[in-house]
Amino acid sequence: MTAPLIDVRGLRKFFPIAKGMLGRITGHVRAVDDVSFSVQEGETLGLVGESGCGKTTTARCILRAIDPTDGQVLYRTSGGKIVDLAPMSPAELAPFRKEIQMIFQDPFGSLNPRMTLFDNVGEPLLVNGMRNRRERMDRVAELLRLVGLRPEFMHRFPHAFSGGQRQRIGIARALATSPRLVVADEPVSALDVSVQAQVLNLLLELQARLRLTFLFVAHDLSVVRHICDRVAVMYVGRLVELAPTDAVFSRPRHPYTAALMRAVPVPDPRVSGADGILKGEVPSPASPPSGCYFHPRCTLAQERCQREAPALQEVTPGHFARCHFAAELDLAMR
Amino acid sequence: MTIDAEPLLRVRDLRVSFQLDEGTVRAVDGVSFDVFPRQVVGIVGESGCGKSVTMRAVLQLIDPPGRITGGEITYRQNGRPIDLARVSPRSRQMRDLRGAEVALIPQEPMAAFSPVHTVGAQIIEAIMLHERLGRGEARARTVELFRDVGISMAEQRVDAYSWQLSGGLRQRAMIAMALSCRPRLLIADEPTTAIDVTTQAQILALLRELQQKYDTAIIFITHDLGVIAQMANYVVVMYLGRVMEEGPVDEIFHAPKHPYTRALLRSIPSLQTETRAALPVIAGTLPHPFNRPPGCPFHPRCEDIRRGYCDVAVPALHALGPRRAVSCFLHSDAAEPA
């Protein structure tokens, strides 16, 4: 088997907490704490969890939008060489920037309202050295067609487009430099249901055509179930479960994953979703609880969970869970 | 569940339009529905369908250039019907009604609270405005409300500012504020859109519990069909300012009549759907409000279009039963007067 396209090992990102006038550092927010996973070429990995769990911070470390505190982000270049993106300087990173692109959550805030579609989508091309305007126009026209928009729209401004169309523009921009890895941060959560389905279908289609690899950050499990090959669940900066999508949904091995799934309201009035609601709130990553971080909210917690932090263990081949009782628990869904 | 014979709120042929430089936008274009006491009515539709504007009209909170141009909004106050569409937005009567009889849980709890006053002070102010209570009594009720909505350390949290609370707590405080004067009708405008699924599940469970305890009717606005299925007894489906279909929740989900409702239900990914298969979608895009199609607003995207009918005349909302109605030429030839 070839090496994965991206291999994250022991990733950490701590943010210092400064107090007082002198800005003394009194502690750290452990936003991402020892996260490891890999993504194969052509695969979609879903990164899920509640707000503040560190999923976006993890994605940003991979993009090197922020600098990781520790760990490796191993990337397989198109030449087959393995490089570590984590410690690279901006100059060293430059050749890889165009290969790793991002689709943003907010289709209204992520496009420059003073730039036409041609400038919005064509900017990454200009930055990457495509100086000829004619050439850029041809490429932008091709990209717009690719995402299902008419090339004539090129000279219009973003305000003339609906949320779904703007998200297509954002996708076209992300694809401008022919990336190999696309990080999508909640790309459909701001869209209406009917538009959401169109954009999800577009992502699936583009992936098949262009052999893209997706890191899909989301909190909506039904969307994740629909689009991802594998799912990684995060809680307070740590991975708690990592497995193929079907395995996670048919038999989750971590009580937190099961609780997240139960929380999704079922679009059928005959199925009651009232039972087993997760109580309490997510603990602060600045002062996480002892033992298993999930024990204060876990209905199945035992004395050992308070004391001892569980390790991420492989329960069945390819199915990892961070729970002392992962092998025994039967958390099958309704 | 027993349904009282008289509706608490009866909306008939409501029309709201916005007069803009570029033209007139008919945001709400002939909407009719009833809300009975103790009922949860879900209003579902995509952005721009007029669901929020309808509710703002009920509260008389339409700002110029918007205007209610027609229809009736009959609210039954102590058994006496009042047509809110005829009451001046700034009148004493309307002010007494807002918050006390009809309360709103807005979409963005962060924007709804003032950041320079404590949440408690804002709730106490609302209580004292509507009821003859001293500050001490109003504060005691606020603390009690905070406990009711599941805010721990209620005594201390009353003195917190909204920005000191987490998203879930802020939404709970907002619900406490909406319930502070014991309203008979609660309008919840996408109350869980900006929060996590787990918190959403907590808030929905809380609303269900409080609805039983306080005996209020709720109008629940959302675009999330899962939330509607779990919360509502009765559902109104809207598209481009018109009601497409309405009926009991089970019939909407298991026997939808309108092609739009059917298409909407098919297009939602659920935990049960097959992995990595294309979802059925509604063809085309939502028309721009200035370019409303003639005839049925949904006809350009409809799979079951009847040429010569749907693209010519607007189907009227036709009653199929006592509490079931649909506006579609597949079910009735009744059209709106041209």
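User: What strand order does the open sheet of eight strands in chain B have?

Analyst: The order is 6-7-8-3-9-10-12-11, and the pairing is mixed. Strands here are DSSP runs of E with at least two residues, helices are runs of H or I with at least four, and both are numbered from the N terminus. Keep in mind that this is a predicted model: local features need pLDDT of at least 70, side-chain atom pairs count only at pLDDT 80 or more, and totals for chains, interfaces and linings use all residues. As for bookkeeping, residues are numbered from 1 along each chain as its sequence is written, chains are lettered from A and ligands numbered from 1 in the order written, and side-chain values use heavy atoms, leaving out hydrogens and water.

User: What makes strand 6 and strand 11 of chain B edge strands?

Analyst: Strand 6 (102-105) and strand 11 (318-321) each have a single partner strand, so one side of each has no neighbour in the sheet. From one strand to the next, the twist averages 20°.

User: How do you know that strand 10 and strand 12 of chain B pair?

Analyst: Pairing asks for at least two bridges found by DSSP between two strands. Strand 10 (residues 242-248) and strand 12 (residues 324-326) of chain B have two bridges, in the antiparallel sense. So they pass. In one of the bridges, E246(B) is partnered with A325(B) of strand 12.

User: Which strands does helix 8 of chain B touch as it packs on the sheet?

Analyst: Helix 8 (residues 197-214) touches strand 3 (40-44), strand 6, strand 7 and strand 8 (217-222) of chain B. Touching, or contact, means heavy atoms within 4.5 Å. The direction of helix 8 makes about 160° with that of strand 8. Helix 11 (residues 259-266) of chain B packs on the sheet too, against strand 9 (234-239) and strand 10.

User: Over in chain A, why are helix 3 and helix 4 called roughly perpendicular?

Analyst: The axes of helix 3 (residues 117-127) and helix 4 (residues 133-146) of chain A cross at roughly 115° and come within 9 Å. That makes helix 3 of chain A roughly perpendicular to helix 4 of chain A. The label covers 65 to 115 degrees, while under 35 is roughly parallel, over 145 roughly antiparallel and the rest oblique. Axes are lines fitted to C-alpha atoms, for helices over the stretch in contact, with angles from 0 to 180 degrees between N-to-C directions.

User: Which residues of helix 3 and helix 4 of chain A meet?

Analyst: On the helix 3 side they include F118(A), V121(A) and G122(A), and on the helix 4 side R136(A), M137(A) and V140(A) are among them.

User: What does R182(B) count as, buried, exposed or partly exposed?

Analyst: R182(B) has a relative accessible area of 41%, so it is partly exposed. Its phi is near 50°, also positive.

Methods:
Buried means under 20% relative accessible area, exposed over 50%, partly exposed in between (1.4 Å probe, protein chains only).
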